[in-house]
Amino acid sequence: MKRKTRNKIIVWTLALAAVAILVGGTIALVLTAGTWKAKIKKSQEKICNKGWECSGSKYCCNDTITDFFKVYQFENLFAKRNTPVAHAVGFWDYQAFITAAALFEPQGFCTTGGKQMQMMELCAFLGHVGAKTSCGYGVATGGPTAWGLCYNHEMSPDQTYCDKTYTQYPCVEGAEYYGRGAIPVYWNYNYGAAGDGIKADLLHHPEYLEQNATLAFMAAMWRWMTPIKKSQPSAHDAFVGNWKPTKNDTLSKRLPGFGATMNILYGESICGKGYVDAMNVIISHYQYYLDLMGVGREHSGDNRDCAEQAPFNPSSPTDDQKQQQSGS
């Protein structure tokens, strides 16, 4: 090969290498700039501290729950819980609720959006709680929606709810995993997961949820704030509008709103079955609390029911009783 040709090849090789280095450096610079831009944006995000109830979060810059939900309102919503015929007299109280909520307010629990959205989420969450712990009936004094927090555990369990095939949270000898809490927890694997979430050994001591009202509220709030699966929304995200439905969700009529919270928490046990009583009772409690809180049921939002929604997690016929939370 002639020296002149060889020199040309060397020059072109060096030129191409220089271009590659330049392009690579530019890409790296752009990526680095993008990373720094994201970090700067995050560092500029306003963080607020409001003492024991809410600290170290952008959500704490909004009203906290105690700003708009007082003791007298709690008493008004759950007016019959301490009557002699109730089954958890003296157990549930406002302070237990607020103490539990302080764990989740920095995550956006009832601190997302403006005051109306915050109050709507409070009523939505308590709508589930009230319906699932009510001992009211059609002709009960004050009406069926006045009897929330009447129970703190399942009264006559017909089984121990132990699934021995679930090895991550194996059943503990002597423990019974029947329904307990503000949004009742069933089955060993749900007690184990909830216990991890609130840092309490519920797998070995499921009875904690009927002995300690703060833990009972915590377990319910953890379930509200935590997706069943990573690819799915939490009840919180579905309600406040953080969740963006996929095309499949839309085709399955799963849309943001109160209806989706029932789908997430109870699945096919109440959703996709038309306007069944089990679903209507939960909606009634939600709207009743909206009225009592001064928001009004006319602000209960779109997509309030799940009558025609396909369940997020359909189960096989043999698993009907193993919903994340019982719909009964």
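Modeller: Among contacts in the chain (heavy atoms within 4.5 Å) between residues at least 6 apart in sequence, 66% join residues at least 24 apart. This is a predicted model, in which local features need pLDDT of at least 70 and side-chain atom pairs count only at pLDDT 80 or more, while totals for chains, interfaces and linings use all residues. Residues are numbered from 1 along each chain as its sequence is written, and side-chain values use heavy atoms, with hydrogens and water left out.

Biologist: How many helices and strands are there in the chain?

Modeller: The chain has 11 helices and two strands. Helices (H or I, at least four residues) and strands (E, at least two) are DSSP runs, numbered from the N terminus. The order of the elements from the N terminus on is α-β-β-α-α-α-α-α-α-α-α-α-α.

Biologist: What percentage of the residues of the chain count as buried?

Modeller: Buried means under 20% relative accessible area, exposed over 50%, and partly exposed in between (1.4 Å probe, protein chains only). Of the 328 residues, 47% count as buried.

Biologist: How is a pair of aromatic rings described?

Modeller: Such a pair is described by the distance of the centres and the angle of the planes. Rings of Phe, Tyr and Trp (its six-membered ring) pair if their centres lie within 6.5 Å; planes under 30 degrees apart count as stacked, over 60 as edge-to-face and the rest as tilted. The structure holds 22 aromatic pairs. One of them is the edge-to-face pair of Phe109 and Phe125, with 5.2 Å centre to centre and 85° between the planes. Phe109 lies in the loop between helix H4 (94-101) and helix H5 (115-132), and Phe125 in helix H5, so the pair ties together parts that are 16 residues apart in sequence. Phe109 and Phe125 are buried.

Biologist: Why is the pair of Phe239 and Tyr286 edge-to-face?

Modeller: The pair is edge-to-face because the planes of the two rings stand at 85°, with the centres 6.1 Å apart. This pair links distant parts of the chain: Phe239 is in helix H8 (residues 235-240) and Tyr286 in helix H11, 47 residues apart. Both Phe239 and Tyr286 are buried.

Biologist: Where does the charged end of Arg180 sit?

Modeller: A charge sits over a ring if NZ of Lys or CZ of Arg is within 6 Å of the ring centre and within 35 degrees of the ring normal. The charged end of Arg180 sits over the ring of Tyr178, 3.8 Å from its centre. For Arg254, the ring is that of Phe312, and the charged end sits 4.6 Å from its centre.

Biologist: How are two packed helices described?

Modeller: They are described by the angle between their axes and the distance between the axes. Axes are lines fitted to C-alpha atoms, for helices over the stretch in contact, and angles run from 0 to 180 degrees between N-to-C directions. The axes of H5 and helix H7 (residues 213-225) come within 11 Å and cross at roughly 115°. Glu121, Ala124, Phe125 and His128 of H5 make the contact with Ala220, Met221, Trp224 and Met225 of H7.

Biologist: Which helix do the buried residues of H6 pack against?

Modeller: The buried residues of H6 pack against H7. Helix H6 (residues 188-198) is mostly covered, with eight of its 11 residues buried. Just after H6, Lys199 takes a positive phi of about 60°.
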